[in-house]
Amino acid sequence: MTKRYIKIINYQTMFFRIFFLVIALAIFQNHCIAQEGGGPPKKDQSIKSKRKQYKEDKRKWKEERRNKRAEEKKIRDHHKRIQTKEVRKRMKRSKGKAIRNNTHQREPFFQRLFQKKRGKGSKQPKEKTSKVQQY
């Protein structure tokens, strides 16, 4: 046999191997990906039992929140109680000063960036009133 004839046979066999491999993968693809026991869970609970479960969860959440807030308040009160009288007065003054200063803060950058422009930053020119009265 000649070398040319052998090359043609090798190319043909390689082509058939790849062709059958692609066909086999296409046929068995779904079986390879499928999983046992998958799918959405079964709906065993009725609507009433779901509603009861939801109410119970909400009640537990409220109870936990109430306990957490009470604990935080207890910690704050203890912190205030261990301070001296002068320190408590200074804390009160500082709190008032902080509230006054914080009310005059600018809005955060992204809020200012995406809010509707008005005043100086708007694109429409504002009518200027001249100081000189025209008759």
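Because the model is predicted, local features need pLDDT of at least 70 and side-chain atom pairs count only at pLDDT 80 or more, while totals for chains, interfaces and linings use all residues. Residues are numbered from 1 along each chain as its sequence is written, and side-chain values use heavy atoms, with hydrogens and water left out.

Let's start with the fold. The chain has four helices and zero strands, so helices and strands here are DSSP runs numbered from the N terminus, a helix being H or I over at least four residues and a strand being E over at least two. Read along the sequence, the pattern is α-α-α-α. Among these helices are H1 (residues 3–33), H2 (residues 47–81) and H3 (residues 85–102).

How much of the chain counts as buried? Of its 135 residues, 0% do, where buried means under 20% relative accessible area, exposed means over 50%, and partly exposed lies in between (1.4 Å probe, protein chains only). The chain exposes about 15,300 Å², and carbon and sulfur atoms supply 57% of that area. Accessible areas come from the Shrake-Rupley method with a 1.4 Å probe, and for residues only the protein chains shown count as cover.

Side chains of opposite charge can pair when their charged atoms come close. The rule for a salt bridge is a side-chain nitrogen of Lys or Arg within 4 Å of a carboxyl oxygen of Asp or Glu, and by this rule the count comes to three. One of them joins Glu 56 to Arg 59, at 2.5 Å from N to O. Both residues lie in helix H2, three residues apart, which is about one turn of the helix. Glu 56 is partly exposed at 31% relative accessibility, and Arg 59 is partly exposed at 48%.

Further along, Arg 66 and Glu 63 meet in a salt bridge of 2.8 Å, N to O. Why are Arg 66 and Glu 63 separated by about one helical turn? It is because they are three residues apart in helix H2. Glu 63 counts as partly exposed, with 35% relative accessibility. Lys 73 and Asp 77 also form a salt bridge, their closest N and O atoms being 3.8 Å apart. These two are four residues apart in helix H2, so about one helical turn separates Lys 73 from Asp 77. Lys 73 is partly exposed at 47%, and Asp 77 is partly exposed at 35%.

Next come the surface patches, which are made of residues with over 30% relative accessible area and no salt bridge; like charges are joined within 9 Å, and nonpolar side chains (Val, Leu, Ile, Met, Phe, Trp, Tyr) within 5 Å. For charge, Lys and Arg count as positive and Asp and Glu as negative, with His and the chain ends not counted; the place of a charge is taken as NZ of Lys, CZ of Arg, CG of Asp or CD of Glu. Lys 85, Arg 88, Lys 89, Arg 90 and Arg 93 gather in a surface patch of positive charge. Lys 85 belongs to helix H3 and is exposed, with a relative accessible area of 55%.

A nonpolar patch of about 750 Å² is made by Phe 15, Phe 16, Phe 19, Phe 20, Ile 23, Ile 27 and Phe 28. Phe 28 lies in helix H1 and is partly exposed at 48% relative accessibility.

Finally, turn to the aromatic rings. Rings of Phe, Tyr and Trp (its six-membered ring) pair if their centres lie within 6.5 Å; planes under 30 degrees apart count as stacked, over 60 as edge-to-face and the rest as tilted. The structure holds three aromatic pairs. In one of them, the rings of Phe 19 and Phe 20 have centres 5.8 Å apart and planes at 65°, so the pair is edge-to-face. Phe 19 is partly exposed at 42%, while Phe 20 is exposed at 53%. The rings of Phe 109 and Phe 110 are also edge-to-face, because their centres are 5.4 Å apart and their planes stand at 70°.
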